Amino acid sequence: MAKTTMITGIRVFLALPLAFALTACGEPGIDASRTGPFAPGVDRRANGVDGVEVGHRLIAAGEFELAIKSFNRAALDRGGFDAEILSGLGTANLGLGRLNQAEKLLRRATTEYDPVPSDLNNLGVVLMEQGKTAEAVQIFRRAFALDDGESTLIRDNLRLALAKSENSVSVAPNENQYKLVRRGSSDFLIRTAS
């Protein structure tokens with residue numbers, strides 16, 4: 001009996017460090033002393049993230065419908081549409097395959113406001129998607145000239161458009177890859193349906 005008690009004591013002695021180690025690995029409990037068991041509230045004094053920036057992030061994530069909502073919200077916050085919002089809406093509509101809406105919005109962004117190379121490039125992409133190659137070449141040339149030839153994306157799009165306009169047989173329609181340029185640090189790639 002003493003031997004059984006001793007074995008049980010050893011088991012308890014060995015199990016205690018293991019039990020302490022396992023409880024240390026578990027998830028921490030809710031610290032009700034500072035914040036309580038509820039989620040933190042909304043800081044109404046803090047500035048919200050700009051809707052245009054959120055829209056661009058959503059486009060990069062492929063969430064075009066949400067991006068349209070974000071750009072529309074940004075238009076309400078800013079008191080109307082500006083070139084950046086129109087361009088974002090056009091890009092989101094292009095991502096959804098709504099080419100006519102994308103063309104209208106991007107044309108507004110490039111005619112009602114001073115044209116920006118990225119907006120002209122994106123309009124050229126829409127025109128290429130619609131098969132309006134000759135007009136797209138002119139738009140890409142304007143974008144390339146405004147950008148002083150610095151953007152490789154615009155240059156690549158111009159090359160594709162020129163190749164397609166010179167000899168439409170040499171460029172297969174489903175192998176084209178046009179690149180959308182974002183105002184800011186990112187760029188977007190639009191591939192034709194294959």
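## Helix H3

Helix H3 has 15 residues and spans 21 Å from first C-alpha to last. That is close to the expected 21 Å at 1.5 Å a residue, where the expected span is 1.5 Å times one less than the number of residues. Helices here are DSSP runs (H or I, at least four residues), numbered from the N terminus. This is a predicted model: local features need pLDDT of at least 70, side-chain atom pairs count only at pLDDT 80 or more, and totals for chains, interfaces and linings use all residues. Residues are numbered from 1 along each chain as its sequence is written, and side-chain values use heavy atoms, leaving out hydrogens and water.

Which residues of H3 are buried? They are Phe64, Ala67, Ile68, Ser70, Phe71, Ala74 and Ala75. Buried means under 20% relative accessible area, exposed over 50%, and partly exposed in between (1.4 Å probe, protein chains only). Seen down the axis of H3, the buried residues fall within an arc of 165°, so they line one face of the helix. The arc is taken over directions from the helix axis to the C-beta atoms. An α-helix has 3.6 residues a turn, so residues three or four places apart point the same way.

The face of H3 turned away from the buried side carries exposed Lys69, Leu76 and Asp77. H2 and helix H4 (83-95) are among what covers the buried residues of H3. After H3 comes Gly79, with a positive phi near 85°.

## A salt bridge at Arg78

The model has 10 salt bridges. A salt bridge is a side-chain nitrogen of Lys or Arg within 4 Å of a carboxyl oxygen of Asp or Glu. One of them joins Arg78 and Asp50, at 3.1 Å from N to O. Arg78 sits in helix H3 (residues 64-78), and Asp50 in the loop between helix H1 (2-25) and helix H2 (51-60). The two are 28 residues apart.

Arg78 is partly exposed, at 37% relative accessible area. Asp50 is partly exposed too, also at 37%. A network of salt bridges links Asp50, Arg78, Asp82 and Glu84.

Lys132 forms a salt bridge with Glu103, with 3.2 Å between the closest N and O atoms. Lys132 lies in the loop between helix H6 (117-129) and helix H7 (133-146), and Glu103 in helix H5 (residues 99-111). Lys132 is partly exposed at 33%, whereas Glu103 is buried at 10%.

Glu135 and Arg107 form another salt bridge, at 2.6 Å between the closest N and O atoms. Glu135 is in helix H7 and Arg107 in helix H5, so the pair ties together parts 28 residues apart in sequence.

Notes: Contact means heavy atoms within 4.5 Å.
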